[in-house]
Amino acid sequence: MALLSYLHKSLKMAFKNVFSNLGQYAVFFAAILIIQVFFGSLTVILYNNDLTEWERVEEEYTYHVVVRNLNESQELWMENSNATVIASSYRVIDTWWVEEYYDEFDDESTFDLYIYLKGSDTDTWNEEFDILYDQYLVQLNRLSEDGSSLTYEKTPLLNFDTNMLYNRIIYIIAMVALVVLSVFLLVVLYNIRINHYKFIYGIYMSFGADFKKLFETAFWEMFSVASVTFLPATGISILISYLLFMYKGLEFSCPIWTLILTAVYCLIVILAAVWFPMRVMATKWPNSLINAEDNSNLVSSPRRSFDIFGTKFPFQYEVFSTWRFRTYNLRLLVSAVIFTSLFICGLYVAEITRVTLANEDAQFEIDMSDSILGFSEDARDELYQIEGVTLVTQSNTADATTLATHIRVKSNLTVSFSNLVVPDNADGYRVTNEVQFRALDEDMITQLEEYEYVGDLTAPLTDDSMIIVADSINNTKKFKYEVGDTIEIATISKRNKAVDANLSGITLLREQLECYEFEYHTYTIAAIIYDIPTLKMPIYLSEASYEVVTGEEVTFDNIQIYVDQSLTAAEVLELESELKSWGTYYGNVKVTNTHSLFYSLVNEDKQYDEIFTLVAILLLCISPMIWFFSQMLYYLKRENEFTILQSIGAMGSDIRKLYLVGGIFMGVLSFIFCIGLGYFLSYLLYHFVNVTIPSLTLSYIRYEFYMPWYAIVLSVVMSVACGFLSAYLPYVSYMRRKSKTLAVEESGVSA
């Protein structure tokens, strides 16, 4: 009963305070509504993304496990064993089938075993796979003729729980980021309110209000606001999510727990957002708050006196005022403009997502390292004859660090601060071992033509002294090459002493330069590729030059197969069977399905670019709230100042000009801050996704530094408009109130 009484009393007082001072709290209604739409939309969308992924998995895959390269004895045991345990309590296989491949060289067949498990959900399937392994795969391994272990692959159908764990991690990261962003927004707004109402808080604390009382009052006020906006916000969230999924023709669902989570997240945000300001407030002396009633806490001394009556009024007067209130102006600009900058970043992330989705990966990887015949032009032509194959690429690569070698270039061809090693015995040169050598062939040229380049890509095929290079390392431009420039590639001529095997990177290179002697081979740049993804700088050489540099024979053992992106899962499975059949003619060829087409389709269904666009738009809506809320209170406090100016001779037009000049200054400053802060945050984001993340994951896609022009224009227009109007509209309000006051006074005199 005491708890109910406390809740009733607290909520009653909070609602009364909020709705009796609706003007003060209007901006909080808008802000909390946006925050709830944030959480509601993302929770519902990400939940439906999981459902969509599950539906796609069930639709695309008709087997859980594939066991590779069974011999005839193993296949026969599988048939007999499955028949004998059909009524057993540990029977876990629902259906199974085999694909037979006849090996021309060994004159015998191998089999791939496809298994669909008996259970009805992912938990059951994982348990059944453990039984499958113990009861079937272990025994099958015993029947291996050469003692080798069977290899098996789990499909996304069986690995769905793992994918869901990945989705959970994404969801948690997204929610944490939104909580931090939402807390920041409310703290900014609450600090604005506190700053302009410190006098009231000072009086309140003079009568004994401590942190607990301040926190309770603030929390229940924000809670009452959130309770009013919750239903409209959830309605908007559901509508947005529904429209996104209906537009893509996908199923949609909204369980009640997603809405409960939205309320929980909002509650966490409110608790954090009022805790921080109230904790700071509780440390202040009441007298300091009372004395700050005139905004003196925001005034910075100009450190010199200005004779305002000896200057042009009102322009220079407002210039001095802008400088006096520079602390306030700086806080306002950063707080408001940062959300337009985040809007630009949000649209940039949406563009990054589209680029990522457009990136096509190999569907199959073929390992011919144990092949009897090896890869040839005839083999490549045969692969192209298989329906569904769109591109065949092969690679023969060697890292400079593995070969204990490096490249040497002239200093004028390197970018400043590129962190390349300066050799002790070669002035005017820079060296690096962050290089990967690649043997060039015609198929590689087809692939390289997709990138931005200058020069002749075919030159190394006819001239061993010509090479193709990239201008970057770790997706970062390091060189200022031009076609015709030369690069020297080192090969070891003498080892004077051993190098510590535990060293790596630049430290390893410096040690090698000290301990080894090198011979340098000069090559001319025939073409430069500017936007190829790089961890280490690729250098493409002819096969003869590759053998000279690496000391290894060129053998294309690793083949990548790209397929038609419109293929269905059944067609991909059929294509995989054809590739394995093709491999039997070359002896011991391994074909691996990367499932890249499936994951590409799933990621398209998840609408990440639409999600980032939605978040960006909501962030943009926040900026005007900060502008107008802060400026309305700021100019309300200055009205007494303007009244005094009028009492000593300032005209009404002069007061209007004060507002106009203040608005123009804020418009100009907001333009500068919007461009500057937008560029800074966008570049940080670009560096994070283009350099930092790839260096950690070793999964490289090259992104262009890009600030969407439409986002910049919209952000600048909004910032400038808000900067000006947030100063001018308070003048309109001021004049209306003043006109009403004069009308009342005149009516009193006439009476």
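**Exercise 1.** Which residues in helix 10 meet which residues in helix 20? Describe also how helix 10 and helix 20 pack.

*Solution.* The model is a predicted one, in which local features need pLDDT of at least 70 and side-chain atom pairs count only at pLDDT 80 or more, while totals for chains, interfaces and linings use all residues. Residues are numbered from 1 along each chain as its sequence is written, and side-chain values use heavy atoms, with hydrogens and water left out.

Step 1. Tyr317, Glu318, Ser321 and Arg324 in helix 10 meet Tyr635, Arg638, Glu641 and Leu645 in helix 20, where contact means heavy atoms within 4.5 Å. Helices (H or I, at least four residues) and strands (E, at least two) are DSSP runs, numbered from the N terminus.

Step 2. The residues of this contact of helix 10 with helix 20 divide into three nonpolar, one polar and four charged; Ala, Val, Leu, Ile, Met, Phe, Trp, Tyr, Cys and Pro count as nonpolar, Asp, Glu, Lys and Arg as charged, and the others, Gly among them, as polar.

Step 3. Helix 10 (residues 315–324) and helix 20 (residues 608–647) pack at an angle of about 145°, with their axes 14 Å apart; axes are lines fitted to C-alpha atoms, for helices over the stretch in contact, and angles run from 0 to 180 degrees between N-to-C directions. Helix 10 passes helix 20 in a right-handed crossing (left-handed if the near helix is turned anticlockwise from the far one by less than a right angle, right-handed if clockwise).

**Exercise 2.** Describe how helix 7 packs with helix 8, and then characterise the ring pair of Phe215 and Phe219.

*Solution.* Step 1. Helix 7 (residues 211–247) and helix 8 (residues 256–282) pack at about 150° with their axes 9 Å apart, and helix 7 and helix 8 are therefore roughly antiparallel to each other (under 35 degrees is roughly parallel, over 145 roughly antiparallel, 65 to 115 roughly perpendicular and the rest oblique).

Step 2. The crossing of helix 7 past helix 8 is right-handed, and the residues of their contact divide into 21 nonpolar, two polar and one charged.

Step 3. A search of the whole structure finds 48 aromatic pairs, a pair being rings of Phe, Tyr and Trp (its six-membered ring) with centres within 6.5 Å, stacked if the planes are under 30 degrees apart, edge-to-face if over 60 and tilted otherwise. The rings of Phe215 and Phe219 have centres 6.2 Å apart and planes at 15°, so the pair is stacked. Phe215 and Phe219, being four residues apart in helix 7, are separated by about one helical turn.

**Exercise 3.** In which order do the four strands of the open sheet stand, and which strands does helix 12 touch?

*Solution.* Step 1. The order is 6-18-5-19, with antiparallel pairing; two strands pair if DSSP finds at least two bridges between them. Strand 6 (389–395) and strand 19 (590–593) stand at the edges, each with a single partner strand, so one side of each is left without a neighbour in the sheet.

Step 2. Strand 5 (residues 364–367) and strand 19 pair over four bridges, and Phe364 has Asn593 in strand 19 as its bridge partner.

Step 3. Helix 12 (residues 377–385) packs on the sheet, touching strand 5, strand 6 and strand 18 (558–563), and its direction makes about 155° with that of strand 6. Helix 18 (residues 569–583) lies across strand 5, strand 6, strand 18 and strand 19, running at about 15° to strand 5.
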